[in-house]
Amino acid sequence: MANICRASRKDFRDAVVAARDAQEGWAGRSAFNRGQILYRMGEMLESRRPAFVSELADVAGYDRDEAEAEVDAAIDRLVWYAGWSDKFAQVFGSVNPVASSHFDFTVPEPTGVVAAFTPRQAPLLGLVSCMAPIIVSGNAAILIVENDAPTLALDLAEVLETSDLPGGVVNILTGQREELRGHVGGHRDVDAVLSVGASTEERTVLEEEGAESVTRMEFRPDRSPAEWRSEESASPYWIAPFVEFKTTWHPVGR
Amino acid sequence: MQPPFQSEYRPPKVPTVDAVAARERAQRLSTRSIKTEAKVQGLKMLVGMLDLTTLEGADTPGKVRSLCQKARTPDSDHDSPSVGAVCVYPPMVPVARKQLRGTDIAIASVASYFPSGQAAIDERVEEVERVREAGADEIDVVMNRNAFLSGRYGQVHDEISALAEASGEAHLKVILETGELETYDAVRLASQIAIDAGADFIKTSTGKITPAATMPVTLVMLEAIRDHYLDTGEAIGMKPAGGIRKAKRALRYLVMVKETLGDAWLTPDRFRIGASSLLNDLLLQLEKERTGRYHSKRYLSLG
């Protein structure tokens, strides 16, 4: 089918530099604008629906119905998270009652640069389901892809390219998780790591390497393609692990 | 109207520079791979060769004080060598001097109407004298590009001589501003004139225009230094400045210095790099070599 790049630790290092440079500008966009861009990703994916369907069939071995269902679910998921862009802050944030004359707010802010070991199952939908909740709040993401059909991830990069997503907000690396995990966990400029379907060893390595720089770690089990399609696999609580909560005390004026 | 400038100085005959060969040679010297212990040694050497610079309109005493603190202890967690010098504008020299008392970090100041040099020679000389009296150990002056590009080489020479005399004991670094000289031949000629006029160091750029320091330009200047040394036995220093932000690039400059002039020039007395953000990248790379983990700028102070 194709020769796929095997990302080295230096590719990961370069991706972190790109992500760090892009993150502040991305977080500085209005929530509404981030939502527009995610929505646009959904539209661009839809315009390539036939290509993605046949690629899922040819490369990942899906039957036609299942391939169509996965592409449709991926489009829907982008649109669904696009809607959350200017709503999750109201759901997770709060106005806190305090015993002095202050307004007291707690608001979620993006964690920063997030590296994600993406699912082995559902090469398109699994990727989208991990990426969207990370970037919607203003994080920059580095997606590490190791599965049987990594060309889907590369084609998704073309969708992102044509969706007005600023360069560096999403970085896709195809490579071997085992080779990269130590460098991902230990990199001090990575603020959080998501690992879907981590083996016991991967989890241990990530937690040990990440401990020194107190990197946030989120582990989730992998799912079957059918499970990834279900509504259970989309949740605003998937946004929450990659935000920090800031509480502000503001004197009540007269 | 000023009378036409009269000078005894006759411009030197300098070899022409093969521009293609200079670029090729510089490119070739950029391909060396420097890893592990050699890299650590190189990085530490570079910290000691650094002229940590702040030349902004927005410089304040507070900013200069924090820069000096960073110059003394670049990395507060681990001992790394202190930098070679701190380079500031003239009004900041007393601030830097107070802050660096008791250290062997030199205080460098720009003078002579940096960065343009567009002023009468009396005023430029006077500024150099003032800076020297304020306690600068090293003075970075700009060459008169106006005169150079008009072909008044005698004037260029005599002005630098006057500035050299005014600088007294302080080291004089002459900035050629190679980005304005157009050709490598002009760079070579300007280097020779500056050396003849008594420069202790020749320096590529002010950092205020692009291109600033490039590898081929630095190579041409290093060759001028080499030929002068072979002719006279006098050793002149070299300072590329401007646009060198990454440790990897700085290491390439070290390679070029060694290959062109030898180990004798790999000391802060003869080679300096003028930079501000380079120091943090050097510290990032040193920490990476120490721990094996990629480091983050967020752990370092600004500067």
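## Basis of the description

Two residues are in contact if their C-beta atoms, placed from the backbone, lie within 7 Å. This is a predicted model, in which local features need pLDDT of at least 70 and side-chain atom pairs count only at pLDDT 80 or more, while totals for chains, interfaces and linings use all residues. Residues are numbered from 1 along each chain as its sequence is written, and chains are lettered from A and ligands numbered from 1 in the order in which they are written.

## Contact between the chains

Six residues of chain A are in contact with five residues of chain B. On the side of chain A that touches chain B, three residues are polar, three are charged and none is nonpolar. In this classification Ala, Val, Leu, Ile, Met, Phe, Trp, Tyr, Cys and Pro are nonpolar, Asp, Glu, Lys and Arg are charged, and the others, Gly among them, are polar.

## Overall form of chain A

Chain A contains 10 helices and eight strands; these are DSSP runs numbered from the N terminus, with at least four residues of H or I for a helix and at least two of E for a strand. For 254 residues a compact globule would have a radius of gyration near 18 Å, and the 19 Å of chain A agrees with this. That radius is taken over C-alpha atoms, and the globule rule is 2.2 Å times the number of residues to the power 0.38. The C-alpha trace of chain A spans about 70 × 40 × 30 Å along its principal axes.

Of the 254 residues in chain A, 46% are buried. A residue is buried if 20 or more other C-beta atoms lie within 10 Å of its own, exposed if 12 or fewer, and partly exposed in between, with C-beta atoms placed from the backbone. Among contacts in chain A between residues at least 6 apart in sequence, 81% join residues at least 24 apart.

## Sheets of chain A

Five strands of chain A form an open sheet in the order β5-β4-β3-β6-β7, with parallel pairing; two strands pair if DSSP finds at least two bridges between them. Its edge strands, β5 (170–174) and β7 (216–220) of chain A, each pair on one side only. The twist averages 15° from one strand to the next, with axes fitted as lines to C-alpha atoms and angles running from 0 to 180 degrees between N-to-C directions. β4(A) and β5(A) are joined in the parallel sense over five bridges, and A:Ile142 has A:Asn171 as its bridge partner in β5(A).

A second open sheet has three strands in the order β1-β2-β8 (chain A), with antiparallel pairing. β1 (94–95) and β8 (243–251) of chain A stand at the edges with a single partner strand each, so one side of each is left without a neighbour in the sheet. Strand β2 (residues 102–110) of chain A pairs with β8(A) over nine bridges; A:Pro110 has A:Val243 as its bridge partner in β8(A).

## Buried helices of chain A

Seven of the 10 residues of helix α8 (residues 177–186) of chain A are buried, so the helix is largely enclosed by the rest of the structure. Among them are A:Arg177, A:Arg181 and A:His183. The buried residues of α8(A) pack against α1 (9–28), β3 (113–117), β4 (140–145), β6 (192–196) and α9 (200–211) of chain A.

In helix α3 (residues 49–58) of chain A, the buried residues are A:Phe52, A:Val53, A:Glu55 and A:Leu56. Seen down the axis of α3(A), they fall within an arc of 165°, so they line one face of the helix; the arc is that of the directions from the helix axis to the C-beta atoms. Their cover includes α4 (64–84) and α7 (151–161) of chain A.
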